[in-house]
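Hi,

Here is the structure I promised to pass on. My notes on what turned up in it follow below.

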Amino acid sequence: MKKFNLPKLLIFVIAFYAAIQILYSTEIMNGYILHIINQSLIYVILAVSLNLINGITGQFSLGHMGFAGVGAYVSGTISTLVFKINPSSPNGMLIFILAIVAGGLAAAVVGFLIGFPSLRLKGDYLAIVTLGFGEIIRTVFNNIDYVGGPRGLLGIPKFSNFTTITIAALITIVVIRNLVESSHGRAMLAVRENELAAELVGVNTTRYKVLAFVIGAFFAGIAGGLFAHLLQMAHPTQFGFIKSVEVLIMIYAGGVGSITGSTIAAFALTFLSEGLRIGIRAIADATGLPIGGEWRMVVYSLLLIFIMLFKTEGLMGTKESKLIRLKEVE
Amino acid sequence: MLVVKNLKVNYGKIEAIKDVSFEVPDGKIVTLIGANGAGKTTTLRALSGLEKTSGGSIVLDGVDITNREAHKMVPLGISHVPEGRKIFPTLTVRENLELAGWTIKDKKLVKDRIEEVFELFPRIKERAAQLGGTLSGGEQQMLAVGRGIVTGGKILLLDEPSMGLAPVLVDEIFSQILAINKKGTTILLVEQNAAEALDIADFAYVLEVGYTTLHGPAKEIAQDPRVREAYLGV
């Protein structure tokens, strides 16, 4: 049997958490940086859960942010409603957790409804179906007036903070990592490697594809809920195709199949994207060149091209950090 | 014992298998020989549930296993080594073998079987930590057969194990198949290389455009003038 090296990982996360808290409370680090860290951690959840679908199980999904959208709108609607009725509820945190989990479950149900009929499709075809699904979700939110339509769902109570997001990201990593190393995870790997051979060693390939899809969607829904309660709004444009591609890029840059890689890439690319915004503005101010903030996407894309050219397998390949490596125990 | 009676398989409107019947007694090697398109691979795919049958029956040790899903065939005792190897390319050789024992609860048994495979194919043992996709064609074939051994069960279905191999490796793989059989495994072997297949088999069936036309002890089939002319090129 393999066992998770939880103490080591916990020590690392607690150290990380304490360091950030100290830096923030001593005002060495400002709220802006903390906000980016929060965003990075939410992207960790999105990237790791998409990696379960794309990297581990080998099913090419392009609609991951659609599931995040379901989670954001469902959890946002629930918590907004509850706080409209009772603004000074003492059980705020509990309501928040329930709302987030409800968002995750709603996303999982939608994941099942999309996955069950479409996972028979392979490669490009599945990509197109999931792409279409993501756009449908976005359009649906855009047209439901009750959740704000094109204005977005506003006034969501701010419950996501560094603590809740860190805990959620940690749980995601531990759960998905354990899943991958379990016999269910082995079955998912077999599906990725060769579906026919997987079936011939006794793996119910349809079942495992759907399972990966549903679990991935669940965590995406959680991430969406955290986003909604961090930004205090949910907007259709946050969950479009381009955003799904951003998450996809993270798993490719980090190494397909590597949870460590997805985690590092989620941080690196979120910071890079923000850093370039500041950097390019500074260059524009200093030199007077007519370069706007949108130029950051050019630099960002160039950097990605270089990563893919010189490290095709991504930053981590399929390797995992020692922190989440499982050890053999008899 | 595997008993196949009046098997029929259609691909849409095309009848790939029209009427195929044969038996595989326990502990024996039975071979299905025939030209391209005769229905050899389709027959194996129907046995392991990869293809739905439209008629006939497949009975393994008294249990009717016709038309079950492929993944349910493994616990019933069918171990199918598919045509074209189909190994897990980005997993190591050892992981390939471990996954082959996915349905087996007793992990000690899986370990023992992997050791058995390593004994039979020392070259695979040397490459245990290497990724499956980096093996040569012959080694991949050995790995595929090794996976079939780990999956285990009552009968091993081998689909063209000699396909695309150098002549020296062809001899090697056939002698290894014989060795697997000597250890007590029942084997159904599908081959285009009729000469080698007839050489190691106990019984043989000849497939022609969806029908089993001839059958008998392999030695007799190898002497049949029709077989000699059509498949052995003598």
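Starting with the contact between the chains: chain A puts in 15 residues and chain B 18 residues, where two residues are in contact if their C-beta atoms, placed from the backbone, lie within 7 Å. On the chain A side, helix 7 (183–193) and helix 8 (195–200) are the elements giving two or more residues, and helix 7 of chain A has the largest share, six residues. Helices here are DSSP runs (H or I, at least four residues) and strands are too (E, at least two), numbered from the N terminus.

A quick word on provenance: this is a predicted model, so local features need pLDDT of at least 70 and side-chain atom pairs count only at pLDDT 80 or more, while totals for chains, interfaces and linings use all residues. Residues are numbered from 1 along each chain as its sequence is written, and chains are lettered from A and ligands numbered from 1 in the order in which they are written.

Within chain A, have a look at helix 2 (residues 31–56) and helix 9 (residues 205–231): their axes come within 9 Å and cross at roughly 165°. The axes are lines fitted to C-alpha atoms over the stretch in contact, with angles from 0 to 180 degrees between N-to-C directions. Helix 2 and helix 9 of chain A are therefore roughly antiparallel (over 145 degrees).

Over in chain B, strand 6 (residues 78–81) pairs with strand 7 (residues 155–159) in the parallel sense, over four bridges; pairing takes at least two DSSP bridges. B:Val81 has B:Leu158 of strand 7 as its bridge partner.

Cheers

Notes: Parallel < 35°, antiparallel > 145°, perpendicular 65-115°, else oblique.
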